[in-house]
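Good morning, and thank you for coming.

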Amino acid sequence: MVAAQARAIAGAWSPPGAPRSWWLTAATFTAISEQDVLLDLATEIPPDRLPPLLLAAALGFLAPGTDLARYYPRPGGEQPPPDPAFGPALASFARHHRAELAELCASHRYQMNEVGRCMDLVPVLGIVAARDERPLAMVDLGTGAGLSLHLDRYHYTYLLPDGSPHSVGDPAAQVRLEGEVRAGAPPIPARLPTIAARVGVDAEPLDMTDPHVRAWLAACVPPEAGAVTRFAAASALARTVPAPMVRGDLLDVLPDVVATVPADALLCLVDTYVHVFLPPADLHRFDALVTELGRERDLDWVSVDPLVPLGPDARATVQGLDVPA
């Protein structure tokens, strides 16, 4: 089962036609699925901790300062070229560091903080801002390190199907995101919305000023040059202008958080790849909570989440909508 998960992740993150820079991501999960020492380590991890992803992060965490580091990209640098020796080198590294890897996997969780997901949010928030002149108050649910809370401080370039670029945001921004629009015409705004207030909610909000936390989160980022560079720039910004974050279960603390949001701002609840982890009962509780909050003030709920359950058997979206054909 773990081997199949690792192969599925390799295929999803580095499919045929993927940029050359994603070779290391595919090679890492392929090695986990094929190399006995890596597979043994992964099968010792409880299934709910996402074994292939957690082990890949632990390997990346230990790599700096070792011979393995030559395979990994550095922020702002180029992707090292593909090397067929990587898989055996990764297995050898795991044999020599087995105890350390096991300890890391036992004491940490895999936590992805991919700032690139803000590219999905910007067009939708642009729609929200265009129909209401009030500034936005963004509450990021399951915020993790809080990187999405700064989305109005990033620069975005959308490469349209005709090959032309559409950019929005501060041209001098250090965090620069680029994505390809493969079909259609997303409503990319002419300017980023004004965010008057921002706060994140998470069961375990992450302190980006802690070097260990920062190093672990960096190891959870796919070992691809663009992703590594994005994370480094976004984490530096988050340390420079930290946003408030509240610890707690979002179903318990959300009413109190909303009460702190300025009344003259339009409330926007945002989540990215969080609600899919809520069991059906909690999804229903959240829907009821949003309905109740909406009786007290205007709000929008923007959810970037897959269908539930995952895969071809999905019956609904996290917002309770019918699955499209």
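Predicted model: local features only at pLDDT ≥ 70, side-chain atom pairs only at ≥ 80, totals over all residues.

Residues are numbered from 1 along each chain as its sequence is written, and side-chain values use heavy atoms, with hydrogens and water left out.

Let me begin with helix 4 and helix 8. Axes are lines fitted to C-alpha atoms over the stretch in contact, with angles from 0 to 180 degrees between N-to-C directions. The crossing of helix 4 past helix 8 is right-handed, that is, the near helix is turned clockwise from the far one by less than a right angle.

Which residues meet there? On helix 4 they are Leu54, Ala57, Ala58, Gly60 and Phe61, and on helix 8 His212, Ala215, Trp216, Ala219 and Cys220, where contact means heavy atoms within 4.5 Å. This contact divides into 8 nonpolar, 2 polar and no charged residues. Ala, Val, Leu, Ile, Met, Phe, Trp, Tyr, Cys and Pro count as nonpolar, Asp, Glu, Lys and Arg as charged, and the others, Gly among them, as polar.

Next, the pocket. The second largest pocket is lined by 29 residues, and Gly60, Tyr72, Pro73, Ala218 and Ala219 lie nearest its centre. A pocket is an open set of points on a 1 Å grid over the protein atoms alone, where a 1.4 Å probe fits, with protein on both sides within 12 Å along at least five of seven lines; lining residues have an atom within 4 Å of a point. Helix 4 gives the most to this lining, with 5 residues. By class, the lining has 24 nonpolar, 2 polar and 3 charged residues.

I turn to helix 2 and helix 5. Their axes are 9 Å apart at an angle of about 55 degrees, and the two helices are therefore oblique. Trp23, Leu24, Ala27, Thr28 and Ala31 of helix 2 make the contact with Phe86, Gly87 and Leu90 of helix 5.

Finally, helix 3 and helix 6 cross at roughly 30 degrees, their axes coming within 10 Å. These helices are therefore roughly parallel to each other. Val37, Asp40 and Leu41 of helix 3 meet Arg98, Leu101 and Ala102 of helix 6, a contact with 4 nonpolar, no polar and 2 charged residues.

Methods: Helix = DSSP H or I, 4+ residues; strand = E, 2+ residues; numbered from the N terminus. Parallel < 35°, antiparallel > 145°, perpendicular 65-115°, else oblique.
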